[in-house]
Amino acid sequence: MASNWSMILYADGVYDLEDRLKGLFCGHTMFQFYMHLFISPSATAADTVIGNPSRPSKNHLWNLTKVTPQIIAYVHVVLYFTLTTAPCWCTIVGQMDLDEMASLIIEMFTDPDDWTQSTLVWWNKCVSFNFDL
């Protein structure tokens, strides 16, 4: 099901039975995928949010000023698909509907509660250096 989140999406790979949202979408691997997709593969390899100065990041080229729920959903879908054995891009992988997954993630951020705010603050703090390029 789209709402069954993998441990890889949680901060430090820790799932809290008491609070299933704690650390969700703040996993290191998910952030590495973000850096690869939106900054540069070399930034990911160097583990830095600063890309190659001679080649602007997608954040810079597309005038992105913050990480949005849509970006988090996109990164999650790409990460999920990459970890599957599907031979080519498709929206349904096994029993997982990737469109449904992306929509569910975006929907989770519609309520401006503490989790929503802290998750977006975490993402934007992590990538703030790159937005200044």
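Predicted model: local features only at pLDDT ≥ 70, side-chain atom pairs only at ≥ 80, totals over all residues.
Me: Where do I start with cysteines, say cysteine 90: how far is its sulfur from the closest cysteine sulfur?
Reply: A disulfide is a covalent bond between the sulfur atoms of two cysteines. The test here is a pair of cysteine sulfur atoms within 2.5 Å. The sulfur of cysteine 90 lies 5.9 Å from its closest cysteine sulfur, in cysteine 88, so that's too far for a bond. For cysteine 26 the closest is cysteine 126, at 7.6 Å, again too far. Searching the whole structure turns up 0 disulfides.
Me: Is cysteine 26 buried or exposed?
Reply: Buried means under 20% relative accessible area, exposed over 50%, and partly exposed in between (1.4 Å probe, protein chains only). Cysteine 26 has 11% relative accessibility, so it counts as buried. Cysteine 90, at 27%, is partly exposed.
Me: Which residues of helix H5 are buried?
Reply: Helices are DSSP runs (H or I, at least four residues), numbered from the N terminus. In H5, residues 98-108, the buried ones are Leu98, Met101, Ala102, Ile105 and Met108. Down the axis of H5, they fall within an arc of 125° (taken from the directions from the helix axis to the C-beta atoms), so they line one face.
Me: What does H4 meet in H5?
Reply: Contact means heavy atoms within 4.5 Å. Residues of H4, including Ile72, His76 and Tyr80, meet Leu98, Met101, Ala102, Ile105 and Ile106 in H5.

Definitions and conventions. Residues numbered from 1 in each chain as written. Heavy atoms only, no water. Helix = DSSP H or I, 4+ residues; strand = E, 2+ residues; numbered from the N terminus.
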